[in-house]
Amino acid sequence: MTKIIYFLPAIIFTAFYGFIIIVTGLPVLQLVYVGIALFIISGTLLCKKKFWGALLGIIPGGYLMYMRTIDTGQIINIELPLGIIVTVFYFICGIYVYVRNK
């Protein structure tokens with residue numbers, strides 16, 4: 001597994017929110033920046049073979065799953081499946097780094 005894989009959620013979320021900001025000009029919540037920062041820190045720690053860095057990537061996934069419980073008036077509720085995907089991704093990455101270090 002190449003090390004760029006650990007940064008995949010950070011790349012995807014940055015591209016998505018960057019596109020939203022450029023096209024619509026609407027501001028995004030500061031919590032989005034915190035989530036992207038957590039993804040980047042998590043990827044960096046996983047690259048340095050610290051398996052517990054995956055916990056920092058799981059935090060935004062858990063928040064996305066929590067956001068599904070709040071009615072925000074969206075047409076498509078994508079937070080729950082996206083949160084599950086992000087959480088499982090970082091869980092698998094953490095297990096992979098842990099096993100590789102043993």
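What pattern does the protein follow, read along the sequence? The answer is α-α-α-α, in a predicted model where local features need pLDDT of at least 70 and side-chain atom pairs count only at pLDDT 80 or more, while totals for chains, interfaces and linings use all residues. Residues are numbered from 1 along each chain as its sequence is written, and side-chain values use heavy atoms, with hydrogens and water left out.

**Figure 1. The whole protein, with four helices and zero strands.** Helices (H or I, at least four residues) and strands (E, at least two) are DSSP runs, numbered from the N terminus. Along the principal axes, the C-alpha atoms fill a box of roughly 45 × 30 × 20 Å. The protein exposes about 6900 Å², and carbon and sulfur atoms supply 76% of that; the areas come from the Shrake-Rupley method with a 1.4 Å probe, and for residues only the protein chains shown count as cover. Of the 102 residues, 29% count as buried. Here buried means under 20% relative accessible area, exposed means over 50%, and partly exposed is in between (1.4 Å probe, protein chains only). Take the contacts (heavy atoms within 4.5 Å) with a separation of 6 or more: 57% of them come from residues 24 or more positions apart.

**Figure 2. The largest nonpolar core, with its 15 residues.** A nonpolar core is a set of buried Ala, Val, Leu, Ile, Met, Phe, Trp, Tyr and Cys residues joined through side-chain atoms within 4.5 Å. Look for Tyr6, Phe13, Phe39, Leu46, Val86 and Tyr90, which touch the most other members. The largest share, five residues, comes from α2.

**Figure 3. Phenylalanine 13 and its ring partner, tyrosine 17.** The structure holds seven aromatic pairs. Rings of Phe, Tyr and Trp (its six-membered ring) pair if their centres lie within 6.5 Å; planes under 30 degrees apart count as stacked, over 60 as edge-to-face and the rest as tilted. For phenylalanine 13 and tyrosine 17, the centres are 6.4 Å apart and the planes sit at 25°, so this pair is stacked. Both residues lie in helix α1, four residues apart, about one turn of the helix. Phenylalanine 13 is buried, at 12% relative accessible area, whereas tyrosine 17 is partly exposed, at 23%. Leaving aside neighbours within four places in sequence, phenylalanine 13 is in contact with Ile36, Phe39, Leu64, Leu82 and Val86. Ring pairs also link Phe13, Phe16, Tyr17, Phe39, Phe89 and Tyr90 into a cluster.

**Figure 4. Tyrosine 63 and tyrosine 66, a tilted aromatic pair.** Centre to centre, the rings are 6.1 Å apart, with 40° between the planes. The two tyrosines are separated by about one helical turn because they are three residues apart in helix α3. Tyrosine 63 is partly exposed, with a relative accessible area of 35%, and tyrosine 66 is partly exposed too, at 46%.

**Figure 5. Serine 42 in helix α2 (residues 30-47).** Buried or exposed? Serine 42 is buried, with a relative accessible area of 0%. Setting aside neighbours within four places in sequence, serine 42 is in contact with Gly53, Ala54, Leu56, Gly57 and Tyr90.

**Figure 6. Lysine 49, in the loop between α2 and α3 (54-67).** Most residues other than glycine have a negative phi. Lysine 49 isn't a glycine, yet has a positive phi of about 65°. Lysine 49 is also exposed, with a relative accessible area of 54%.
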